[in-house]
Amino acid sequence: MIEPLTILGLESSCDDTAAAVVRVSPNETAHILSSVVYGQEGLHSAFGGVVPEIAARAHAEKLDLCVKQALIEADCSFGSLDAVAVTAGPGLIGGVMSGVMCAKGISAGTGLPLIAVNHLAGHALTPRLTDNVAYPYLMLLVSGGHCQILIVHGCDSFTRLGGTIDDAPGEAFDKTARLLGLPRPGGPAVEREADLGNPASYKFPRPLLDREGCDMSFSGLKTALLRTRDQVIKENGGLKPLDRANLCAGFQTAITDVLVEKTRRALDIYLPTAGRNPGFAVAGGVAANKTIRAGLETICKETGTAFFAPPIALCTDNAAMIAFAGAELFVAGQRNDMTLAARPRWPLDRSRPALLGSGKKGAKA
Ligand code: KG4
Ligand code: ZN
């Protein structure tokens, strides 16, 4: 990379409409000149999950406003940009199409090169945006819609070591919160309760730990929690605050144990190939959980692996990560044209079959 690049990024694959401008200079940590995110939480809260049609319409309404605001905040015009990068999948197809059409319109109207970005690559490359982490590094992506362990070799080169075969961990936290009458978002509410409880009071399963490899499963944990809750209610005539705290603590410890053990196995595969400065990064909303983060940090320390956790605003869906991934792909020579199609599924590791896990936020690869 010779000149600094200024890239506009667009994101609309789930329930956040986002635009950002990022400047990337050779051998320097990138600068986020602006990052605008319009969440859609209020539009979907009555339905218990994201409604794809409502999401797509809201993206189509908000994208151009988002772009305008991102350019104003970055003090940029289209003329000062080098390219427009857009999430072209995986995600809810209506939303992805809204973003791709908006980016194509900008590209056709301004002549800016168009760069298609895999949403998961955006998340996976975030440690480079925030900390300039060197390739290859190990990445655990854990949110309400994603759960994958990847070796990141380059901006378009990933080895998926494992992922969830059903629910994502954040989804399990959210369902647990609902089952225990806790407020949304479920993860932070369960964590607050867990801080007051005893993790040993109730024993929950550690799904798939008895099986080799790095794949995970979280839907059985939620069913186990439901059964235990009903048992406690039957025996005690209701759920006391301490019961609830103990259930949360037991559940959180079970999730932590699974994520930590699967990461330990992934490190065993990654470390012999990692070179002298191995690195591990965790991203996604669940990375905010202190117990999970501490467990992951501990195994990194034990194995001499540098630990990275990007700030939460860059772990959750945003367009700065798309602009940054777009910059790396631009430098690698990628250019897309008006035939670019939105993709509902788009596995990062093309050599592995797509994961079946879908998540409350729609099918992901
Ligand atoms: O990355 P994110 O904002 O959105 C996507 O899922 O794409 O992640 C949100 C998820 C929710 O399921 C939320 O409950 C979970 O992350 N989460 C947490 C915590 N904070 C957010 N889970 C556990 N502990 C937390 N402190
Ligand atoms: Zn995401």
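Me: Before we start, what counts as a nonpolar core here?
Reply: A nonpolar core is a set of buried Ala, Val, Leu, Ile, Met, Phe, Trp, Tyr and Cys residues joined through side-chain atoms within 4.5 Å. Please keep in mind that this is a predicted model.

Me: OK, and which residues touch the most other members of the largest one?
Reply: The largest nonpolar core holds 85 residues, and those that touch the most other members are Leu 138, Phe 204, Phe 218, Phe 251 and Ile 255. Helix 8, which spans residues 241-270, gives the largest share of this core, with 12 residues.

Me: Where does that core lie relative to the domains?
Reply: It lies between domain 1 (5-131 + 316-363) and domain 2 (137-313), because both domains give residues to it. As a general background, nonpolar side chains in soluble globular proteins tend to be buried together.

Me: Switching to the ligand, which residues come nearest?
Reply: There are 19 residues around ligand 1, and the nearest of them are Gly 144, Asp 174, Gly 187, Glu 191 and Thr 316. By type, the shell divides into 4 nonpolar, 10 polar and 5 charged residues.

Me: Which helices supply at least two residues of that shell?
Reply: Helix 5 (169-179) and helix 6 (186-194) each supply at least two residues of the shell around ligand 1, and the largest share, 4 residues, comes from helix 6.

Me: And why is ligand 1 said to lie between the domains?
Reply: Domain 1 and domain 2 both give residues to the shell around ligand 1, so the ligand lies between them.

Me: How much of ligand 1 does the protein bury?
Reply: Taken alone, ligand 1 exposes 550 Å², and the protein buries 88% of that.

Me: New topic: is Asn 118 buried or exposed?
Reply: Asn 118 is buried, because its relative accessible area is 6% and buried means under 20%. Asn 118 lies in strand 5 (residues 114-118), and its side chain reaches the backbone oxygen of Trp 346 at 2.9 Å.

Me: Last one, where is Asp 82?
Reply: Asp 82 is in the loop between helix 2 (52-74) and strand 4 (83-89), and is partly exposed, with a relative accessible area of 28%.

Technical notes:
Residues are numbered from 1 along each chain as its sequence is written. Chains are lettered from A and ligands numbered from 1 in the order in which they are written. This is a predicted model: local features need pLDDT of at least 70, side-chain atom pairs count only at pLDDT 80 or more; totals for chains, interfaces and linings use all residues. Side-chain values use heavy atoms; hydrogens and water are left out. A residue is near a molecule or strand if one of its heavy atoms lies within 4 Å of it. Accessible areas come from the Shrake-Rupley method with a 1.4 Å probe; for residues, only the protein chains shown count as cover. Ala, Val, Leu, Ile, Met, Phe, Trp, Tyr, Cys and Pro count as nonpolar, Asp, Glu, Lys and Arg as charged, and the others, Gly among them, as polar. Domain bounds come from an automatic or database domain assignment. Buried means under 20% relative accessible area, exposed over 50%, partly exposed in between (1.4 Å probe, protein chains only). A polar contact is a pair of N or O atoms within 3.5 Å; within protein, one must be able to donate a hydrogen and the other to accept it, and residues adjacent in sequence count only if both atoms are side-chain atoms.
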